[in-house]
Amino acid sequence: MIPSFNGSVVTPSAVGVDESGNLVIGEKAKAQFIMAPERTVIEVKRKLGTGEKISMGRL
C-alpha cells in the first residue's frame with residue numbers, strides 16, 4: 001500500500017472537481033462531498049461496469 005498525502009494507507013473511493021476545475025481524489029473529495037455533492041462522486045468503484053452515467057461539475 002502507498003500512503004496518501006496525510007499518511008493514511010486507505011484512500012476513499014471518491015472523486016471530484018474543485019472550485020477551480022481541478023480533479024480531487026480520496027480524502028479531499030470525500031470532505032468536499034458535504035458542501036459540493038454536484039461536483040463529487042463517492043463510492044466510484046462500486047459504479048464501475050454498471051453502465052451508470054456519472055457526472056461531476058462541467059465535465
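Author: The dialogue below goes from the overall fold to single residues and then to charged pairs. This is a predicted model, in which local features need pLDDT of at least 70 and side-chain atom pairs count only at pLDDT 80 or more, while totals for chains, interfaces and linings use all residues. Residues are numbered from 1 along each chain as its sequence is written, and side-chain values use heavy atoms, with hydrogens and water left out.

Reader: Which secondary structure elements does the protein chain contain?

Author: Helices (H or I, at least four residues) and strands (E, at least two) are DSSP runs, numbered from the N terminus. In the protein chain there are two helices and three strands, and their order from the N terminus is β-β-α-β-α. The C-alpha trace spans about 30 × 30 × 15 Å along its principal axes.

Reader: How is burial to be read, and what percentage of the residues in the protein chain is buried?

Author: A residue is buried under 20% relative accessible area, exposed over 50%, and partly exposed in between (1.4 Å probe, protein chains only). Of the 59 residues in the protein chain, 24% are buried. The accessible area, from the Shrake-Rupley method with a 1.4 Å probe and, for residues, with only the protein chains shown as cover, comes to about 4,700 Å² for the protein chain, and carbon and sulfur atoms supply 57% of it.

Reader: Which residues of α1 are buried?

Author: Gly26, Ala29 and Gln32 are the buried residues in α1. They lie on the same side of α1 because they cover an arc of only 110° around the axis, the arc being that of the directions from the helix axis to the C-beta atoms. The face turned away from that buried side carries the exposed residues Ala31, Ile34 and Met35.

Reader: Against which strands do the buried residues of α1 pack?

Author: They pack against β1 (14-17), β2 and β3 (40-42). Contact means heavy atoms within 4.5 Å; leaving aside neighbours within four places in sequence, Gln32 is in contact with Gly16, Val17, Asp18, Val24, Arg39 and Thr40.

Reader: What does Ile25 show by way of strand β2?

Author: Ile25 lies in strand β2 (residues 23-25) and is exposed, with a relative accessible area of 55%. Between the C-alpha atoms of Ser20 and Glu43, 23 residues apart in sequence, the distance is 23 Å.

Reader: How many salt bridges does a search of the whole structure find?

Author: Side chains of opposite charge can pair when their charged atoms come close. A salt bridge is a side-chain nitrogen of Lys or Arg within 4 Å of a carboxyl oxygen of Asp or Glu. The search finds two salt bridges. In one, the side chains of Glu38 and Arg39 meet at 4.0 Å, N to O. In another, Arg46 pairs with Glu43, the closest N and O atoms being 3.8 Å apart.

Reader: How exposed are Arg46 and Glu43?

Author: Arg46 is exposed, with a relative accessible area of 67%, whereas Glu43 is partly exposed, at 43%.
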